Amino acid sequence: MARVPAAVRSVLNPILQGPRALTRHYRSRQAPTTIELVAQPHPWARAAGLVTVVLLGAWLGLLVVGNVRVPVGPMNTTMTLRPSLTGGTKINISPLGDLQLDSHNAPLRLDVNIDQLDPDRSQALVDHPERLSGLQDEVNEDVGRGTLDLALRSGVAVVAGATALGLAVYRRPRRALAAGGLALTLLAASGTTAYATWRPDSVLEPKFSGLLTSAPSLVGNARNIVTEFDIYQKELARLVTNVTKLYDATSTLPAYAPDPSTIRVLHVSDIHLNPASWKIIASLVEQYKIDVIVDSGDTMDHGTAAENGFLDPIEDLGAPYVWVRGNHDSMTTQRYMQNLKNVHVLDDAKAKTIKGLRFAGIGDPQFTPDRSQQTGAEQSQELAGARLATALRDQNTAGTPVDIAVTHEPDAAREVDGEVPLVLAGHLHHDEMEILPYGTRLRIEGSTGGSGLRAIEGKHPDPIETSILYFDRDTRHLQAWDEIELGGLGLTTAEVSRHIPKENQPGASPSPSTPPEGSPTASP
């Protein structure tokens, strides 16, 4: 009998053994059960998700709960903590604008909104003016109490917001509590960072915006600003107190109160035929009681005789006009300027005393609109600067040192390092302040004309920039300066930021009477 192959037997045996064996056979032949594997998220992804939930929940908590209404003196205010990349303090004084203080570096910003004057408390001050003497102490206590209350409420808001959002997202109490704990940790770390970077003297250098740009006297003048502002909380109280005066004046803001011991210099540059510049300059001259205007060049665009009529308003600006030639100003421009009344052209490096300050400068050796003198541009700037430095050195030797040197390009300005305390320049169309190696301060002004017609070439219009420099009338040293920035074409923004040299900051050692070691010559 022929032998049956094994493969055939495997098929026939279940049939011959009956239905149950057949069922077992075919079940065993089915495909194995599929086991589904669910990919688990990477630990870093889980951590990133948790941090996102915590930050979003904390932010929502601050928005909903994290503010406190505080009566501060005769005013009602709202204090709020807001997430921020730069930190600082912002005091909103609607409708007058706001002022910003670089008080700390932390991911939280303190917002103080001045809501309104309380009629009853204001009337009480009017009826009892003797209470004004204690108003600042009262305001100081109110600010301190409000800040503590805000810190406690913000902590609760941050933890509650992160916990609630964590519960909504994860639906697990443990994960939600973890989110709340992480939020509390981050808040504590932010508070520690703010405390470690706290700058009480930030009130010395506020930035104003809106209508407050018309009231820089809010923080004092160049002579008393250092001695009066030393403790942040007290000065915040002083600022809030002074706001009552602004509200009393409503639309008539207090004008800047000039200090008789201070000389005020308005630095402009790179007007580039923008007719709006003259109105801005005239307004600043009147508002700040400017003593001298310094123009570091490029008043024109092509330096042609046809453009000369643009310069005529200079005679009516109300202050002496000190001018140096820029690379867009021609000798034709310069000769026209020399014939205008009240204009002082600096080109031969000879010193001129104007309103108590001694100036010396040199015109730009290049005239670039016709593109005929491009070769050796940098060398020509260095030569011009060296010529000016020699003249300054001679003035120092003669005992009649120059207070301010003026050039158009910074390359020329750097050549006078060590020969003069301050040198002014332009050309770059943005402002900078730099301390040169031998101690001379270089101030580069932005474009007071908003770069002229070039403003429409880019995606965003260039701002209109100028600055006001405050000098001690006796020592002729720079005490402070205000940077003023107005929105360019089609924009209506305005900002004024106050700056104090480090040597004038509270606690700084007195400025030496001689320049730093290695300086070529002594200058005051």
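Reply: Happy to! Helices (H or I, at least four residues) and strands (E, at least two) are DSSP runs, numbered from the N terminus. This is a predicted model, in which local features need pLDDT of at least 70 and side-chain atom pairs count only at pLDDT 80 or more, while totals for chains, interfaces and linings use all residues. Residues are numbered from 1 along each chain as its sequence is written, and side-chain values use heavy atoms, with hydrogens and water left out.

Let's look at the open sheet whose six strands run in the order 11-12-13-14-16-15, with mixed pairing; two strands pair if DSSP finds at least two bridges between them. Strand 11 (352–354) and strand 15 (432–435) are the edges: each has a single partner strand, so one side of each has no neighbour in the sheet. On average, neighbouring strands here are turned by 25° against each other, direction ignored (axes are lines fitted to C-alpha atoms, for helices over the stretch in contact, and angles run from 0 to 180 degrees between N-to-C directions).

Now follow strand 12 (residues 357–361). Strand 11 pairs with strand 12 in the antiparallel sense over three bridges, and Thr 353 stands opposite Arg 358. These two strands make a hairpin with two residues between them, and Lys 355 in the turn has a positive phi of about 55°. With strand 13 (residues 404–406), strand 12 pairs in the parallel sense, again over three bridges; Gly 361 has Val 406 as its bridge partner there. Helix 11 (residues 377–397) packs on the sheet and touches both strand 12 and strand 13, its direction making about 150° with that of strand 12 (contact means heavy atoms within 4.5 Å).

How many residues of strand 12 are buried? Five of its five are, where buried means under 20% relative accessible area, exposed over 50% and partly exposed in between (1.4 Å probe, protein chains only). Leu 357, Phe 359 and Gly 361 point one way, Arg 358 and Ala 360 the other.

Asp 270 is buried, with a relative accessible area of 0%.
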